[in-house]
Every structure is written in C-alpha cells, then in structure tokens.
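Trainee: I have a model open and would like to learn how to read its features one by one. Could you walk me through it?

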Amino acid sequence: LSISDFGQLQGLPAKFVTSLFKDKNGLMWIASREGLFRFDGSFIQTFIPGSSEQPIVGMTEDNRGNLWFIRFGGIGMIDQHAGTINYSQKIGAVTNNLAKLTKDQNGLIWVYNLKDSAVSIIDPQAQTYKNLDKKGGLSDLTAFEMLEDDSKNIWITTYSGGADIIN
C-alpha cells in the first residue's frame, strides 16, 4: 500500500477538501473552501476562487461534459466548451454538510435542495428542474445522499425516515 500527499506543498492551494470528482476525460476536480480546481496530472488550474462561507460540497458531470457543482448559496455549471460558468440560487445545499449530486442513467441530476426542502431532479439538457418532497412521497423533509441501483431505482437517505426508494 502506497500513500502520497497531494496538498499545498504539491501546489494545491487548499487545506480542507470538500469534494473530489473525476470527469470523463480523466481530469480530477477538487473542491475546497479555497476554491474549485482542476488537476490534469501535471498542472492545477483554479476555476472558481474560494469562499469559506460557501464552499463547493458536491459535483457531477452531465452527458454533455458540463461540470455541475453545489454549495450553500446555489448550484452552478461549468461549460468547458463555451468557457462559461452559470449559477442559480434556486437550489442550495445544506451548510456544513457534504452534498452529493447523482446522475441517473437517463442523464438527470438528483440533489437535495435545502431551499425547497425537497430533492431536486435537474434536466441538464433543458436546464429545468422539478422537486420531489414530502407531498410527493418522501418520508422526510431532509435528504442526504442519492444513488441509482442496477434496477434504475433511486435510493435516497433521509434524516429520520430511513431510506426512500424511487422507482
């Protein structure tokens, strides 16, 4: 077993890493209080300067190769082809909690949305979303992590309702 350090001495201007993501091109995305960085195996590039009040706490990639990220203040998308970063304050993460963005087999992105106390299901292609909340069948107002199983069910962990399974 070999362990190597990758931090400030190696050029990463971050102390507390909140999220890691490997994109389809093999590039490593590193989120922290100090910002969002991309590592290509040799160089580190800063994409978004940091905010200790609003660190990025979750990331995923859509089918077009755009990187989606979430933090307390909102959700964002990096379109690497156009060289743009777009933000929305309609969906926000829980503060001091690592949030997971999950992409399902249909390309939809699932994430807990603190602002609406719901799980938001984002259609990246249409750039729209809909919410699934207690009225829609969730057992609790607070969800944490989501994943898709081999049968295409979405499992959602909740604060006090166990796990919900969406078929």
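Mentor: Gladly, and let's begin with accessibility. E145 has a relative accessible area of 37%, so it counts as partly exposed; buried means under 20% relative accessible area, exposed over 50%, and partly exposed in between (1.4 Å probe, protein chains only). A word on the source: this is a predicted model, in which local features need pLDDT of at least 70, side-chain atom pairs count only at pLDDT 80 or more, and totals for chains, interfaces and linings use all residues. Residues are numbered from 1 along each chain as its sequence is written, and side-chain values use heavy atoms, with hydrogens and water left out.

Trainee: Which residue forms a salt bridge with E145?

Mentor: The general idea is that side chains of opposite charge can pair when their charged atoms come close. Here the partner is K100, with 3.5 Å between the closest N and O atoms. The criterion is a side-chain nitrogen of Lys or Arg within 4 Å of a carboxyl oxygen of Asp or Glu. A search of the whole structure finds 1 salt bridge. The pair links distant parts of the chain, 45 residues apart: K100 is in the loop between β8 and β9 (102–103), and E145 is in strand β13. K100 is partly exposed because its relative accessibility is 35%.

Trainee: How are the strands defined, and in what order do the 3 strands of the open sheet come?

Mentor: Strands are DSSP runs of E with at least two residues, numbered from the N terminus. The order in this open sheet is β13-β14-β15, with antiparallel pairing; two strands pair if DSSP finds at least two bridges between them. β13 (143–148) and β15 (163–166) are the edge strands, each with a single partner, so one side of each has no neighbour in the sheet. From one strand to the next, the twist averages 20°, taken between N-to-C directions of lines fitted to C-alpha atoms, on a scale from 0 to 180 degrees.

Trainee: How many bridges join β14 and β15?

Mentor: β14 (residues 154–158) pairs with β15 over 4 bridges, in the antiparallel sense. Look for W155, which stands opposite I165 in β15. Together with L147, W155 and I165 make a nonpolar surface patch of about 270 Å². Such patches take residues with over 30% relative accessible area and no salt bridge, joining nonpolar side chains (Val, Leu, Ile, Met, Phe, Trp, Tyr) within 5 Å; the areas come from the Shrake-Rupley method with a 1.4 Å probe. L147 belongs to strand β13, and its 40% relative accessibility makes it partly exposed.

Trainee: What should I look for in the backbone angles?

Mentor: Most residues other than glycine have a negative phi, and most peptide bonds are trans. S117 has a positive phi, near 50°, and lies in the loop between β10 (109–113) and β11 (118–123). Q127 also has a positive phi, near 55°, in the loop between β11 and β12 (128–132). Q127 counts as exposed because its relative accessibility is 54%, while S117, at 29%, is partly exposed.

Trainee: Which residues does I85 contact, leaving aside neighbours within four places in sequence?

Mentor: Contact means heavy atoms within 4.5 Å. I85, in strand β8 (residues 84–88), contacts F47, I48, F69, M77 and I78. T84, also found in strand β8, touches M77, I78 and D79, again not counting residues up to four places away.

Notes. Patch = residues over 30% accessible without salt bridge, like charges linked within 9 Å, V, L, I, M, F, W, Y side chains within 5 Å.
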